[in-house]
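The sequence and the structure are shown first.

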Amino acid sequence: MPGDGIKILLVDDEKHFADTLAARLEMRGFEARAVYSGPEALNALALPPEVVVLDLRMPGMNGLEVLRELKKSHPEIQVIILTGHADAEDERTAYETGAYRVLRKPLNMDELLENIHTAHQTKEG
């Protein structure tokens, strides 16, 4: 199956978006779960995913803060930032902090799937 059971954690404060994306990924053979805040994301690392798809702009703990904390405790996890609001500075900071890729909303599903697979292969390799 195309998703090969890759474990994905989706982090986005837009609950409907995160749940819908998780369902779409599940239909493609991924093991996807959604959480809706930075602290929830860090708690979800107790069962580490292989790839995290992380929103940049969230209330409270933003995506860059989550990325920093995640990379401290789990540097092997690949993180794809998915955002509609990043500027060049945010993007540069995300890459410097360890993001695998920064993708823009509105979501291009094929681009996301390709990046999940390459991120997973990079993690494995």
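Two strands are taken to pair if DSSP finds at least two bridges between them. In this predicted model, that rule gives an open sheet of 5 strands in the order 2-1-3-4-5, with parallel pairing. Strand 2 (31-35) and strand 5 (101-104) are the edge strands, each pairing on one side only. On average, neighbouring strands of the sheet are turned by 20° against each other, direction ignored.

Within the sheet, strand 3 is joined to strand 4 (residues 78-83) by 5 bridges, and the two run parallel. Val52 stands opposite Val79 of strand 4.

**Helices on the sheet and on each other**

Helix 1 lies across strand 1, strand 2 and strand 4. Helix 4 (residues 88-97) also packs on the sheet, where it touches strand 4 and strand 5.

| Pair | Angle |
|---|---|
| Helix 1 and strand 2 | about 175° |
| Helix 4 and strand 5 | about 145° |
| Helix 3 and helix 4 | roughly 10° |

Two packed helices are described by the angle between their axes and the distance between the axes. For helix 3 (residues 63-73) and helix 4, the axes come within 10 Å and cross at roughly 10°. Angles under 35 degrees count as roughly parallel, so helix 3 is roughly parallel to helix 4.

Which residues make this contact between helix 3 and helix 4? Helix 3 contributes Leu64, Leu67, Arg68 and Lys71, which meet Asp90, Thr93, Ala94 and Thr97 in helix 4. By class, the residues of the contact divide into 3 nonpolar, 2 polar and 3 charged.

How many cavities of 30 Å³ or more does the model contain? The count comes to 1 cavity. The largest cavity has a volume of about 50 Å³. Its lining consists of Leu10, Val11, Asp12, Phe17, Ala18, Leu21, Val53, Leu54, Asp55 and Leu82. Strand 1 (7-11), helix 1 (15-27) and strand 3 (51-55) are the elements that give two or more residues to this lining. The lining residues divide into 8 nonpolar, no polar and 2 charged.

**A cis peptide bond**

Lys105 and Pro106 are joined by a cis peptide bond, with omega at about 5°. Pro106 lies in the loop between strand 5 and helix 5 (109-124).

Notes
Residues numbered from 1 in each chain as written. Predicted model: local features only at pLDDT ≥ 70, side-chain atom pairs only at ≥ 80, totals over all residues. Heavy atoms only, no water. 1 Å grid on protein atoms, 1.4 Å probe; cavity = no way out; pocket = protein on both sides within 12 Å on 5 of 7 lines; lining within 4 Å. Points joined across faces, edges and corners; volume = space filled by probe spheres on them. Helix = DSSP H or I, 4+ residues; strand = E, 2+ residues; numbered from the N terminus. Nonpolar A, V, L, I, M, F, W, Y, C, P; charged D, E, K, R; others polar. Axes fitted to C-alpha atoms, helices over the stretch in contact; angles between N-to-C directions. Contact = heavy atoms within 4.5 Å. Parallel < 35°, antiparallel > 145°, perpendicular 65-115°, else oblique.
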